[in-house]
Amino acid sequence: MLGMSANSVSYNEQGSVESGVDAAQENSSIPGSFSSDLKEMLESNKESLKLEAMKRIVGLIAKGKNASELFPAVVKNVASKNIELKKLVYVYLVRYAEEQQDLALLSISTFQRALKDPNQLIRASALRVLSSIRVPIIVPIMMLAIKEAATDLSPYVRKTAAHAIQKLYSLDPDQKEHLIEVIEKLLKDKSTLVAGSVVMAFEEVCPDRIDLIHKNYRKLCNLLVDVEEWGQVVIIHMLTRYARTQFVSPWREDAMFDENNEKAFYDSEEERKVEQTKPYIMDPDHRLLLRNTKPLLQSRNTAVVMAVSQLYWHLAPKHELSIITKSLVRLLRSHREVQYVVLQNIATMSIQRKGMFEPFMKSFYVRSTDATHIKTLKLEILTNLANEANISTILREFQTYVKSQDKAFAAATIQAIGRCATNISEVTDTCLNGLVLLLSNRDETVVAESVVVIKKLLQTQPSQHSDIIKHMAKLFDNITVPMARASILWLMGEYCEHVPKIAPDVLRKMAKTFTNEEDIVKLQIVNLAAKLYLTNSKQTKLLTQYILNLGKYDQNYDIRDRTRFIRQLIVPNEKSGALSKYARRILMAPKPAPVLQSAFKDRDRFQLGTLSHTLNSQASGYLELSDWPAVAPDQSVRNVEVVKEAGAPALRKSKTAKSNEKFYSDSEEEEEEEEEGSSSEGSSSSSSEESVSESESEENSDDSNKSSSSQSEKSSSESDSEKKKKTLKNKKLQQQKPDILIITYLPPQIMQKTLLLIIMTKYILIHIVLSISTQFFVNCMCSLLHLCVFLACQFDVVSWHVHVSLQASSPVFVPETSHELLHRMTGKGLSAQYRFTRQPCIYGNSMVSLQLTLSNSSDQALENIHISEKSSTGQNIHRFNAIERLEPQASVTVSMGVDFNDSTQAANFQLCTKEDEFSVSIQPAVGELLLPITMSEADFTKEQGKLMGMNESSATITMTPENVSSQSVNRKVVSVANIGVIPSSQENIYRFAGKTVSSGSLVLVSVALKDPDAVITINTEKTVIGSMLLRQFKTALTNSCP
Amino acid sequence: MLAAAKMIHSLFLVNASGDIFLEKHWKSVVSRSVCDYFFEALERATEPENVPPVIPTPHHFLINVLRHRIYFVAVIQSEVPPLFVIEFLHRVVDTFQDYFGVCSEAAIKDNVVVVYELLEEMLDNGFPLATESNILKELIKPPTILRTVVNTITGSTNVGEQLPTGQLSVVPWRRTGVKYTNNEAYFDVVEEIDAIIDKSGSTITAEIQGVIDACVKLTGMPDLTLSFMNPRLLDDVSFHPCVRFKRWEAERILSFIPPDGNFRLLSYHVSSQNLVAIPVYVKHNISFREGSSQGRFELTLGPKQTMGKAVESVLVSSQLPRGVLNANLSPSQGTYTFDPVTKLLSWDVGKINPQKLPSLKGSVSLQTGASKPDENPTINIQFKIQQLAISGLKVNRLDMYGEKYKPFKGIKYMTKAGKFQVRT
């Protein structure tokens, strides 16, 4: 019948092409001669020829030609020195490895080698290509490579590892469990570079493991602004899902003060107060997410803006939604495709919340240059926004659209007018009149659409038909479009009882013109005749019979059929069965009124901004947004125990709750600082505890006071006297150089802030000279170091070398003892002493840091004290800057670095003054070649398990009684070697871990007490160091006196 | 196989005549026959712009963008935010344009190796990796005529020998070790007026959208601040990632370490509270009479609120109704063309002289028998006004910190027509 929908916006219609998508690939191979040419070029010795060949091959691949037969010739060049050639080979390899699995294996060793390259970018690129080779047999190799890269020092490599996780997962889903472990590890990563990629992997591999997010939730929220834009999109989508499972709905009370009281809640401060008086209090974590995503609405990346908008839509209290409006409207200035997606989302939003977009109504006005689908969407939105107040403006605008040359759009406008007419009763009549006028339009689509809409409108308002039907009857003679004529006839028949006089007259006219009408019109004439026959047989009996007779001999069989059917149905005779009794009920049955509603009505079942939403059908991999939980799950799961990281035994559980409150204080900037503060606080306090356990000196108790005060950072500042003390020391120790910023001992809070400030202002090169002389300041140092570690991760300052999984920690004990380098007698008045600072060396990560104290005991000033350029042994030495002048009886402290290359061989060099040269040598104790690290007990045992056999050396000793206590064991061990204490759950086993300075090899020490004996076990790859250490520990632990 | 593997699977480039001229796969190869669904949609669309941006197929989804008459068709396998893909594709086009000057089929075909190298760096496993032009340029040098010649002779490469440090730094958008002999920083404040003017000449809707494009060639790591005389004008802004958001929030000052070269610093929207000055007006008289095969066509342009500046590069275009056969017009200045196939009339006016207003008068002939078109055509106008930001926005000062030299600074203002339509 009239069920035509000329609205041709049928994007969602699935194409009916049957050709299988993955059907035969265009396999046009390259011609043989060409291929042999290329092969020859590839096998030549000339780099340029090879490169040229690869370029041509890439050209072929780009065109979709099959170049797989060149595989053997290409793969040989995988280890080429020429970067471009190598890259093109990679491109080729990734493209064809799947088809040539056996040959592809030839290249694997090259990548494995590159994975160990000192250059992070080469490591990353090797992992990228290796993981892109889709050959199942290398899955174990990939797994290993990913695990290793996930603990790489370089955040860039770790990012690549996160990408590789997805690749491996799609190659072999059985690896899921192992991959989740890696994801879990990487989620803890603090680098902004890694965050986006690992969340992507999470979404891909284990989106249901929400529990992995808990601990990282706040960190992700805080990092978000600094993550690269693509990562932001992924993280925001993930956090939206997360929040819907963890927080209770902020919408509960909304219904009451929703639209009316909106103004009162604009001010965020006020809002919070008001909210607190309500029973609903937003979880601070929920608020954190909303607050930290808000600035991203200003992003230049449209996907980010959309992601934030959907987050607000799904998570924010309704009255806060208005902030996304402006940004969404801004996106409409972007490319056509962007507009399309954004408009769809606005359409869905505008159904539920007109108020949001009403002020921007004019932004949705259609321009003649818009694409049809954009126009239709704008129309949709305008219709959704229509209300009593603005309807006249909108209708005026619609009038222009109806005249548009784009007829599909004009038709859509008519439908929109129809919807406005049904929704807003004030304008129903105006709309109807307007539509009736359109019936005389020349365009068939417009007329047909108008009739359809009029028909729908009349059906929804059965009372006032007659006027319009009469009007349409009057216009009938002028209307030529068959579809419209047919529609009017249908209306006449349907409502013939409302127009008893006109309908028979129309039928009379039609009887005259019947033979000249189009088929659809003829059918409706027959319909009309039948209906009139049933209602008004007196006037129309003859006319009906006449028409039925005409129809009987019509050329069109459809019409003949219909005529025969109608005749049997309505004209009583013997043959007609029981059906004719029901003729009236069949023909005059009330037809259900069509529903005029938005096509976007139910779109909100999909999360906004998703592909599924755009298509209005669920795409594979769509993750359902869950409903708000009725009761909020445990909030404390998101509390992060900062302490753990520092490797100290768990302490101060209460602290987390407190830091919670602090997290969400007024400004974000402060928040960040505080977070850093709290993390370093954690470590400082932890190390202070260790030091307490190791000696009960006065200084240390002083120290713990300080750290506990630093914990309640905000409220209580340190006591003045303490500050003074420090400043005093500062002055003494500070060395000024113009281009180097030296930060020595400041209270940790101040130091952190200064550092932050420096980094905020983006000084790229920060030289932080750390030096330490007394144990008193160990804690200061710890917190500073941790801060640096944190900042290094945060800002990707790669120059700071810290192993992440084996987190470097601060030295537990720094010996006071100095060793003599040069006696004043031999040095003609110049004496030098050195001591090991046990800090990571700032001059090079394989160097041991040393502090040199030079004193002048002669009666003349010494000039130009320096270390000679030539070094007698092979060690790499970082010399201190020449000291221009040293006054008599004065002394100066300088720092230097020596790369001992993990051996106890002495470093020999010349210490020079203006006049003399003195040969000196530094003999390191084996324990000084180490740096402490922390790890969990589990990791320790795991690592120990790997270092068995040759790598293990152990000895049993008899302990002297005074050494049996835990403090003394710890103290003895850490005084011998610069290693860190590992928390131990077993009472009689003490564990320590460190790594060698140059090569970074692990050194694990454990001491098991079995009264009165003790077993010392050392596990390390460096067996020489192991056995030397063992000897020293033996002496230290058996000697009664340190 | 799992339905995993998100993000962009493959990319096909399709030219205006519907041929695939480049394909790139980041995962397993997807047959190009998947594009059949795209071609089907292309056929259905009456105009090239009418192809829906997202097309579902039984196993994949095709997301396409159209720019420079090339369709960039991305193949997606599962749920992904469509804007993510669209934004990325546009970024690809921008990069090509940046590298080759134009983004045309010929340019892409000529530089297919560079294109491939770029695409390889921009996506890893379908997930964007390096999209900052500064980083890409360190990885892959843009082709120049000189370099192409040198490369063919010496066999040297496009690929940077040095590894990009920017990717790892705190300011990933800026390359390190930048050096110039002349240090210059130019900023163009460009505003576009979008407007719809109705038949009677009154404004239906008008808004100003502005951008500040920068060309910064400064040595080292300069830290710039840019302040405005009247920052309140800016209602809604979006920034290049280099701009420090908090500083803007607090002080309304743009503070940033700029990328090297050309980039868009800021785009903004001027608050709708301000009345928008409309710099040109159009007097029109276009009428078709019923029954007659001739129609009258008259247009006159004039300057309106131009703050005393000249309106230049004026171009008028209009899509005439389908029934129009030909146009016989005479312009008082400039030249006009009428394409009888597309029915597109365009009139290159040039500069408007306020003393002698440009006009275009004459008649249009209609198809005999065709009925009178029921809509008068919409007139689109393009123009430029130099040295004027129509919103009144003014840069107050530009300062540089962090480096010692004195840079040359320049600021240029311009107003352009955006989507400026006059309904008749």
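Two strands pair if DSSP finds at least two bridges between them. Keep that in mind for the sheets below, where helices (H or I, at least four residues) and strands (E, at least two) are DSSP runs, numbered from the N terminus. This is a predicted model, so local features need pLDDT of at least 70 and side-chain atom pairs count only at pLDDT 80 or more, while totals for chains, interfaces and linings use all residues. Residues are numbered from 1 along each chain as its sequence is written, chains are lettered from A and ligands numbered from 1 in the order in which they are written, and side-chain values use heavy atoms, leaving out hydrogens and water.

## Sheets in chain A

Let's start with the open sheet of 5 strands in chain A, which has the order 2-3-4-8-6 and antiparallel pairing. Its edges are strand 2 (819–822) and strand 6 (876–878) of chain A, each pairing on one side only. From one strand to the next, the twist averages 35°. Strand 6 of chain A runs antiparallel to strand 8 (residues 891–899) of chain A, and 3 bridges join them. Which residue of strand 8 of chain A is the bridge partner of H878(A)? That would be G897(A).

Chain A also has an open sheet of 4 strands, ordered 7-5-9-10 and again paired antiparallel. Here strand 7 (883–886) and strand 10 (917–922) of chain A sit at the edges, with pairing on one side only. The twist averages 30° from strand to strand. Strand 5 (residues 862–867) and strand 9 (residues 907–912) of chain A are antiparallel and share 2 bridges; in this pair I867(A) stands opposite L911(A).

## A hairpin in chain B

Over in chain B, strand 18 (residues 335–339) and strand 19 (residues 344–350) pair in the antiparallel sense over 5 bridges. Y336(B) has W347(B) of strand 19 of chain B as its bridge partner. The two strands form a hairpin with 4 residues between them, and K343(B) in the turn has a positive phi of about 65°.

## Helix pairs in chain A

Axes are lines fitted to C-alpha atoms, for helices over the stretch in contact, and angles run from 0 to 180 degrees between N-to-C directions. Two pairs make a handy table.

| Helix pair (chain A) | Axes come within | Crossing angle |
|---|---|---|
| helix 13 (residues 229–246) and helix 17 (residues 302–315) | 9 Å | roughly 10° |
| helix 6 (residues 120–132) and helix 8 (residues 155–171) | 9 Å | roughly 5° |

Angles under 35 degrees count as roughly parallel, over 145 as roughly antiparallel, 65 to 115 as roughly perpendicular and the rest as oblique. Helix 13 and helix 17 of chain A are therefore roughly parallel to each other. Their contact (heavy atoms within 4.5 Å) includes I236(A) and H237(A) from helix 13 of chain A, and V308(A) and L311(A) from helix 17 of chain A. Helix 6 and helix 8 of chain A are therefore roughly parallel too. Among the residues in that contact are L127(A) of helix 6 of chain A and A161(A) of helix 8 of chain A.

## Where the chains meet

The contact between the chains takes 111 residues from chain A and 115 residues from chain B. Chain A and chain B bury about 10,200 Å² between them, 56% of it on carbon and sulfur atoms; buried area is the accessible area (1.4 Å probe) that two parts lose on being put together, summed over both. How many salt bridges are there between chain A and chain B? The count is 12, a salt bridge being a side-chain nitrogen of Lys or Arg within 4 Å of a carboxyl oxygen of Asp or Glu. E132(B) forms a salt bridge with R300(A), with the closest N and O atoms 3.0 Å apart.
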